[in-house]
Amino acid sequence: MSMPVIYVVSDSVGETAELVTKAAISQFNGSGMVIKGFPYVEDIGNIDEVISLVKMDNGMIAYTLVKPEMRMYMSDKAKKAGIYAVDLLGPLMDQIQSFIGKKPLCEPGLVRKLDEDYFKKVEAIEFAVKYDDGRDPRGILKADIILVGVSRTSKTPLSQYLAHKRLKVANVPLVPEVDPPEELYKVPSEKCFGLKISPEKLNNIRRERLISLGLNDQASYANIDRIKEELTFFDKVISKMNCPVIDVTNKAVEETANLILNYIQKK
């Protein structure tokens, strides 16, 4: 005896229909059932084709078709052919339409587009973590945006914020005793953004940071002369890079991010 067959029919990849079908089959211990995919159904000719195949296999259909006319055609053809056919998506869409009083877009593949958007965001966040604080200069060449600045100029939170906008961001700290990575001078200057800050503001931020760590706030890290030396070095590097500079002295991360996004959009 041949195994029962369910044709999973969709106007897109068919992942949703297959997942729901597998979940249903699992409640019957599989029952030796076979799933056959029939994705990217674009016209009634495709439906006629799948109906013929199902009849030969003596199977049934589980389908996700978002266009009303395609759903109706599938339902009518299956009934006339004496085939069991289950609309997995249509009834729920109809109920949601009645519930919110808004018509659906009826565009195939939107779930996949949302998934791709989500995974791009995750990828950008992972990128920001991997190439945070100049850990690996190779990230500079792969990044959409490179943030450059001395310590405590909000490079890391800004990188994460921009990552949620699906932008791959690398950030590079500048220290007078260490030459900047050569990669900084190999990327287009419009990809780089120098983060400038006033010495007094940076002094306060660093002192608070040291205190929060239980350290002496008079350490050289928070010394005003040392800070001015670092900022002079910053000016020298940024001048060589010839990239845009944003004064973050009194700006929130969101505000700085919006300036960067606006700059990119204009470019």
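Colleague: What makes Asp 117 count as partly exposed?

Modeller: The model is a predicted one. In it, Asp 117 has a relative accessibility of 32%.

Colleague: Why is the contact of Arg 166 with Asp 117 called a salt bridge?

Modeller: The closest N and O atoms of the two residues are 3.0 Å apart. The cut-off is 4 Å, and therefore the pair qualifies. Arg 166 is in the loop between helix H7 and strand S6, while Asp 117 is in helix H5, 49 residues apart. Arg 166 is partly exposed, at 37%.

Colleague: How do you know that Glu 123 and Lys 168 tie together separate parts of the sequence?

Modeller: Glu 123 belongs to helix H5 and Lys 168 to the loop between H7 and S6, so their pair joins parts 45 residues apart in sequence. Their side chains form a salt bridge with an N to O distance of 2.9 Å. With 42% relative accessibility, Glu 123 is partly exposed; Lys 168, at 24%, is partly exposed.

Colleague: Why is the pair of Tyr 118 and Phe 119 called edge-to-face?

Modeller: The ring centres are 5.3 Å apart and the planes stand at 70 degrees. Centres must lie within 6.5 Å, and an angle over 60 degrees counts as edge-to-face, so the name applies. Phe 119 has a relative accessible area of 53%; exposed means over 50%, and therefore Phe 119 is exposed.

Colleague: What makes Phe 193 and Tyr 263 an edge-to-face pair?

Modeller: Their centres are 5.3 Å apart, and the angle between the planes is 85 degrees. That angle is over 60 degrees, so the pair is edge-to-face. Phe 193 lies in strand S7 and Tyr 263 in helix H10, 70 residues apart.

Colleague: Is Phe 193 buried or exposed?

Modeller: Phe 193 is at 1% relative accessibility. Buried means under 20%, so Phe 193 is buried.

Colleague: What makes Lys 240 a charge over the face of Tyr 185?

Modeller: Lys 240 is 4.4 Å from the ring centre and lies over the face of Tyr 185. The distance limit is 6 Å, so the value falls within it. Arg 206 likewise lies over the face of Tyr 221, at 4.5 Å from the ring centre.

Technical notes:
Residues numbered from 1 in each chain as written. Predicted model: local features only at pLDDT ≥ 70, side-chain atom pairs only at ≥ 80, totals over all residues. Heavy atoms only, no water. Phe/Tyr/Trp six-rings, centres within 6.5 Å; stacked < 30°, edge-to-face > 60°. Buried < 20%, exposed > 50% of the residue type's maximum accessible area, 1.4 Å probe, protein only. Helix = DSSP H or I, 4+ residues; strand = E, 2+ residues; numbered from the N terminus. Lys NZ or Arg CZ within 6 Å of the ring centre and 35° of its normal.
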